[in-house]
Amino acid sequence: MPGRYFPEVERTAVAIRDLRIQGAVSVARRSLSALRLFIEREAPSREDLSRHAGLLSSQRPTEPALQNCLALVLASGDPALACAQLLNSFQTDFARIRDAGWRFVPDGGTVLTHCHSSSVVGLLKEARERGRRFQVYHTETRPLYQGHRTARDLVSARIRATMFVDSAVNHFMPEAGIVLLGADSLEPDGFVNKIGTSQVALSARENGKPLYVVCGLMKFNASGARMAVEKRPASELGFALRGLAIENPAFDFTPARLVKGVVCEEGVLPLRKAVSLARKKLARS
Ligand code: RUB
């Protein structure tokens, strides 16, 4: 990281890079909090603010929520206020997403999920608090095991959870009633989420299970180009051999035809409707 950075922004960037802060919402929220502190303490110039925003956004290239938030902060006449308002709106949206989605959790049934999504876990906790009894099947999520976070969250919320290796998804899919997945990027023709999501979606379709994406509209990729997939270091796989190539993509794309609906702050909507509302929301912001 060349040049000097405000320590809290630098610490946050490193934690995002190392996935100690993970998931699109947490990445965006923690970045906004660090930037707000920077602005309040240092009253930086526009140029320095944009340099710090650049440091944060470059850690995870497949995060439109972060990129949309940073663009709004940089365009604002009062960047500290913009950070505070965006942080607030994540909270409001989170409550509305839980409210819109908890009824979809089948009483007495099984939900299947992949990776760790704070949006999915929040919705499941809401369903539990509203009296739904259900169990969750979830993957461990190689190579960095974000499924362990899902396990901890569910067990501490007293939700029955069973974890298995990623490649067991198709084996367990017939027992699932519904598939709930998070998203990093809502795309005009689908969504991008943790690597392996498209396989989960294909298995859901093959087994006739409804798949919902739980995703705030701030995650819309308005760039006009498909979100680039972040390539993570090969060392995360924990194996090396001379002559062997290793690929470690962090995310993959799932097409809209495999998605039954998007659970967002505007309700549970067909993906194309969610996309059109997301465009309007970003234009208004
Ligand atoms: C996390 C991941 C999550 C989405 C949504 O990937 O793919 O499903 O980010 O999470 P990583 P949330 O661990 O590589 O960040 O609902 O919390 O925004």
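1. The model is a predicted one: local features need pLDDT of at least 70, side-chain atom pairs count only at pLDDT 80 or more, and totals for chains, interfaces and linings use all residues. Residue numbers start from 1 along each chain as its sequence is written, and side-chain values use heavy atoms, with hydrogens and water left out.

2. Serine 118 places a polar side-chain atom 2.6 Å from a ligand oxygen atom. From the backbone, an N or O atom of glycine 23 lies 2.9 Å from an oxygen atom of the ligand, and a polar backbone atom of alanine 24 is 2.9 Å from a ligand oxygen atom.

3. Helix α2 against α5. Helices (H or I, at least four residues) and strands (E, at least two) are DSSP runs, numbered from the N terminus. Helix α2 covers residues 24–42 and helix α5 residues 79–101; they pack at about 155 degrees with axes 9 Å apart. Axes are lines fitted to C-alpha atoms, for helices over the stretch in contact, and angles run from 0 to 180 degrees between N-to-C directions. The angle therefore makes α2 roughly antiparallel to α5 (under 35 degrees is roughly parallel, over 145 roughly antiparallel, 65 to 115 roughly perpendicular, the rest oblique). The crossing of α2 past α5 is left-handed, that is, the near helix is turned anticlockwise from the far one by less than a right angle; clockwise is right-handed. Contact, meaning heavy atoms within 4.5 Å, involves residues including Leu32, Leu35 and Ile39 of α2 and Leu86, Leu87 and Phe90 of α5. By class the residues of this contact are 12 nonpolar, 2 polar and 3 charged, where Ala, Val, Leu, Ile, Met, Phe, Trp, Tyr, Cys and Pro count as nonpolar, Asp, Glu, Lys and Arg as charged, and the others, Gly among them, as polar.

4. Helix α2 against α3. Helix α3 (residues 46–57) packs on α2 at about 155 degrees, with the axes 11 Å apart. The two are therefore roughly antiparallel, and α2 passes α3 in a right-handed crossing. Ser31, Leu35, Phe38 and Ile39 of α2 touch Asp48, Leu49, His52, Ala53 and Leu56 of α3. The contact divides into 6 nonpolar, 2 polar and 1 charged residues.

5. Helix α2 against α4. With helix α4 (residues 64–75), α2 packs at about 30 degrees, axes 8 Å apart, which makes α2 roughly parallel to α4. This crossing is right-handed. On α2 the contact uses Val27, Ala28, Ser31, Leu32 and Leu35; on α4, Ala65, Leu66, Cys69, Leu70 and Val73. The classes are 9 nonpolar, 1 polar and no charged residues.

6. Backbone geometry to check. Arginine 142 and proline 143 are joined by a cis peptide bond, with omega about 5 degrees. Proline 143 sits in the loop between β2 (135–139) and α7 (147–156). Threonine 141 lies in the loop between β2 and α7 and has phi near 70 degrees, a positive value in a residue other than glycine.

Key. Polar contact = N/O pair within 3.5 Å; in protein donor to acceptor, adjacent residues only side chain to side chain.
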